[in-house]
Amino acid sequence: LNMVATWTLTPTAGNPPEELAVAVPRELQLISAVADGVELPWRAVDRANEEQAHVVFRLPPLPKDHPLQIVLRGSNPLVLNRSWKLPLLRPEAAFWASGDVRLAIDPELELRALNPAGCVETGVSNLSGDADHAETWRLAVYSPSASVQLQIARREPDVSVSLGSSLVMAD
């Protein structure tokens, strides 16, 4: 499962933060963190008794006239044939306004169940199973505690072919 989280930080009154902490599922391997095109330095803080690890990013100075865009990229093991919760990254100690989720399912896989909580489906495309394009689901997130429970499986073949041949030889 390849994951991309994009956040837009808008400065508010007071001193801008120098760091941003994020709760990260332990299975997620963080690959990169970029703010306005610049790689962010970060460190992991492991709290053994918690389900999630915490990653702290060092932020560049926040511009006063426009928001800062942060893009996190990560990889998480894909769970097949059973229900599981899509990992959603959430910054800590930040006011959350809204969000959206875009779920792209490879043509070799199929979505068998989708149960959103704190979000609503806003669009879907390529449900026909076109082998050249991913099936895509879009969700608008209206709650900071939103979750998406889903089940993914390998796509069953559309057709099955049985071949047989016989050879009869005679004098």
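The model is a predicted one, in which local features need pLDDT of at least 70 and side-chain atom pairs count only at pLDDT 80 or more, while totals for chains, interfaces and linings use all residues. Residues are numbered from 1 along each chain as its sequence is written, and side-chain values use heavy atoms, with hydrogens and water left out.

Side chains of opposite charge can pair when their charged atoms come close. With a salt bridge taken as a side-chain nitrogen of Lys or Arg within 4 Å of a carboxyl oxygen of Asp or Glu, the count comes to six salt bridges. One of them joins Arg 58 to Glu 18, with the closest N and O atoms 3.4 Å apart. Arg 58 belongs to strand β6 (residues 52-58) and Glu 18 to the loop between β1 (2-9) and β2 (19-25), so this pair ties together parts that are 40 residues apart in sequence. Strands here are DSSP runs of E with at least two residues, numbered from the N terminus. As for accessibility, buried means under 20% relative accessible area, exposed over 50%, and partly exposed in between (1.4 Å probe, protein chains only). On this scale Arg 58 is partly exposed at 41%, whereas Glu 18 is exposed at 54%.

Another salt bridge pairs Arg 43 with Glu 19, where the closest N and O atoms are 3.0 Å apart. Here too distant parts of the chain are linked: Arg 43 sits in strand β5 (residues 42-45) and Glu 19 in strand β2, 24 residues apart. Arg 43 is partly exposed, at 43% relative accessibility, and Glu 19 is partly exposed at 36%.

Arg 155 lies in the segment after β14 (147-154) and Glu 135 in strand β13 (residues 135-141), 20 residues apart. Arg 155 is partly exposed at 28%, but Glu 135 is buried at 8%. Through shared partners, salt bridges join Glu 110, Arg 112, Glu 135, Arg 155 and Glu 156 into one network.

Turning to the rings, the structure holds one aromatic pair (Phe, Tyr or Trp rings, the six-membered one for Trp, with centres within 6.5 Å; stacked if the planes are under 30 degrees apart, edge-to-face if over 60, tilted otherwise). The ring centres of Trp 42 and Phe 57 are 6.5 Å apart and their planes stand at 50°, so the pair is tilted. Trp 42 lies in strand β5 and Phe 57 in strand β6, so the pair ties together parts 15 residues apart in sequence. Trp 42 is partly exposed at 38%, while Phe 57 is buried at 2%.

How values were computed: Helix = DSSP H or I, 4+ residues; strand = E, 2+ residues; numbered from the N terminus.
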